[in-house]
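Trainee: I have a model on the screen and want to learn to read it. Please take me through it feature by feature.

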Amino acid sequence: MKLRRFFPLLILAFCCAELSAIGDSTRMETGLDQVYAQYNLTGQGTIFAMIDRGIDYTHPDFIDANGDTRIAYIYDMLDPTGANDPNNPYGVGTIYSRTQIDQALDGGATLPTNDRFGHGTSTTGIAAGNGSGIPSLKYRGVAYEATIIVVKAFQDGFPAFNGNPGQTGFFNPDYLEIGLDFVSDKVAELGLPSVTVMNLGSIGGSTDGTSKVCRAMDEFVGPGKLLVCGSGDDGGADNRASGTFAEGDTATLEINKGEAGNLRFELWYPDVDRISLILERPDGSMTSLLGSPITNQVSDLQNLTGFTYYHQGSFVDFSGATSPTRQVLIDINGAVGLYKFHLIGSSIQNGSFSASLNPATYFNTNEFRTFVQQGGNISDYASAFKVISPTSYVADNSWVDLDGIARNRDSEGLPGEIWLGSSAGPTLDGRIGIDIAAPGEVMMAAYSPNTWYSQFRFNMAQDGNGFYGLQNAVSAANPHLAGILCLLLELNDSLTSEQVKNLLQLTARQDAFTGPVPNNIWGHGKLDALALADAVANSLPIERDIILDGLHVFPNPAAEQIRYRIEGILFGESQMQLLDLQGQSVQKWTERSPEGTINLSELPPGIYFLQWRQGNKIMRKKIIHYLVP
């Protein structure tokens, strides 16, 4: 399909000028170290897929001990060289295979795919980096043996720096759907359970789960195939307004445009209503705007001095939403000052409205002055019904930088508190929208030289050997949760989105910071990785006298020993083995009885397979061995 540069409805988020990833304090906060100790999980046998800004495939975090890449595929949608490749059925961009990446690592031609910004590299490192940039592995990611798939679907713009050229930003929401199709195809090809992260999203859009991209996200999800997208980085600001008014009434939305540049005003209202609008500029001049389109198939446009005005019927809104709502979108690029939008009820059956501003964040001065709604600034993508959506809270806001200077982010939240910029629910259709709060402040993640990120020495870790620096905000919480979900899929490779959401709800921690949950800020509470792993392990079937291909193993999961029994066959002398996840034999013996006991107490916790062989007949059973807390 032919694609174009898209009229940008959503400003990319999760990429604050202040940057963060994984470290000792974060692992302790969620109980990850105990998960590793009790279950010996690594992410092996799972896929972590990142739809972001690309990756530095040469970073040591993504190379194994043999010098081979851990990345199965890179799909660079912004690299045009492979668009006409007959092996690329997606019509845009270039696909690089594991073989091509390894050839480049072995001294072949450098691949023309990159992450010059740094965001995709660091967030992939949080979820799945192996930490091998420094001997201590201190900044190892969560699922550090997962197979990685990378989709570069957009990029941020930035100026030239330190002798490096700048970069032009690019975003097309159509690319997100194509990227999801690519990941879906490759996950099926590799035959492994997967967790995919879309690490973007900002305030604006229908925010009710019915947009075109949200529908594609919901269609993507399946058993053992999870999708994570964070709440957004638009919290801590008066950037959402909502209210009601009757026929003949006027509701005046006052907007302070405190900064130069474009400010986007977006308003949604039921398509059974008809409204008129008058814009009042800071100098007091008034402009009457086109009223509601005649039908829901109509789109109106006015280009006026200082702003551009769109009024979309419910069938032609820019989000492609299926909900019965109309959209007003106004880009204000005029002078700073106080703007007033007078909404006049021409014909009202419902009378509700909801509006947003973008950019309007905790660190700038764009804001609503009237009809202010607390929260409701969740990303449209996070409103998809089957997506798992985390928000970010502060685990540790301090670090020591490359020059040995102690730093902190006290102004953005103290340990235990929600991160100041975390977007909050509800969605426009009234759901909380946020499932869980995961630590996102602050982490240490993969950095690469000559990137926009690496120019900020004060964000780089003193002990990181130049390979690690800060990644924070929901951009860090998002892959952090995704890595933990990879570990859960290692325990149970058929978990559904609904099951995961339920487990998150049941295991979330409540404390004095979260208050009573669920709520629109914290979702169901703080993430507890150990409780999640325990819940998944305990929810697996404990088989007692249930024939499964003739081989019974019980109890399963088990802490100290298991019993096995072989039925339904003519039993004879058999070869038995206990195998680890790599297929290596841990125990091996000849069995002359159809039942027996295996002692697990001397083995590390983890996943094993009991294999029975008699002649050319084989039966296997997965065993989960855990430590007693």
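Mentor: Start with pairing: two strands pair if DSSP finds at least two bridges between them. Helices (H or I, at least four residues) and strands (E, at least two) are DSSP runs, numbered from the N terminus. This is a predicted model, where local features need pLDDT of at least 70, side-chain atom pairs count only at pLDDT 80 or more, and totals for chains, interfaces and linings use all residues. Residues are numbered from 1 along each chain as its sequence is written, and side-chain values use heavy atoms, with hydrogens and water left out.

Trainee: Which residue does Pro390 stand opposite in strand 21?

Mentor: Ile436. Strand 18 pairs with strand 21 (residues 436-441) in the parallel sense, over five bridges.

Trainee: Are the faces of strand 18 covered or open?

Mentor: In a regular strand, side chains alternate between the two sheet faces. Buried means under 20% relative accessible area, exposed over 50%, partly exposed in between (1.4 Å probe, protein chains only). In strand 18, Pro390, Ser392 and Val394 are buried on one side, and Thr391 and Tyr393 are buried on the other. Five of the five residues of strand 18 (residues 390-394) are buried, so the strand is largely enclosed by the rest of the structure.

Trainee: How many residues does the largest nonpolar core have?

Mentor: In soluble globular proteins, nonpolar side chains tend to be buried together. A nonpolar core is a set of buried Ala, Val, Leu, Ile, Met, Phe, Trp, Tyr and Cys residues joined through side-chain atoms within 4.5 Å. The largest here has 57 residues; Phe48, Ile71 and Leu485 have the most contacts inside it. Helix 7 (residues 474-491) gives the largest share of this core, 10 residues. A second, separate core of 36 residues includes Ile149, Ala153, Val187 and Cys229.

Trainee: How is a pair of aromatic rings described?

Mentor: By the distance of the centres and the angle of the planes. Rings of Phe, Tyr and Trp (its six-membered ring) pair if their centres lie within 6.5 Å; planes under 30 degrees apart count as stacked, over 60 as edge-to-face and the rest as tilted. The count comes to 26 aromatic pairs by this rule. One is tilted: Tyr139 and Tyr468, at 5.5 Å centre to centre and 45 degrees between the planes. Tyr139 lies in the loop between helix 4 (119-128) and strand 4 (147-152) and Tyr468 in strand 23 (residues 468-471), so the pair ties together parts 329 residues apart in sequence.

Trainee: Is Tyr468 buried or exposed?

Mentor: Buried, with a relative accessible area of 0%. Tyr139 also counts as buried, at 6%.
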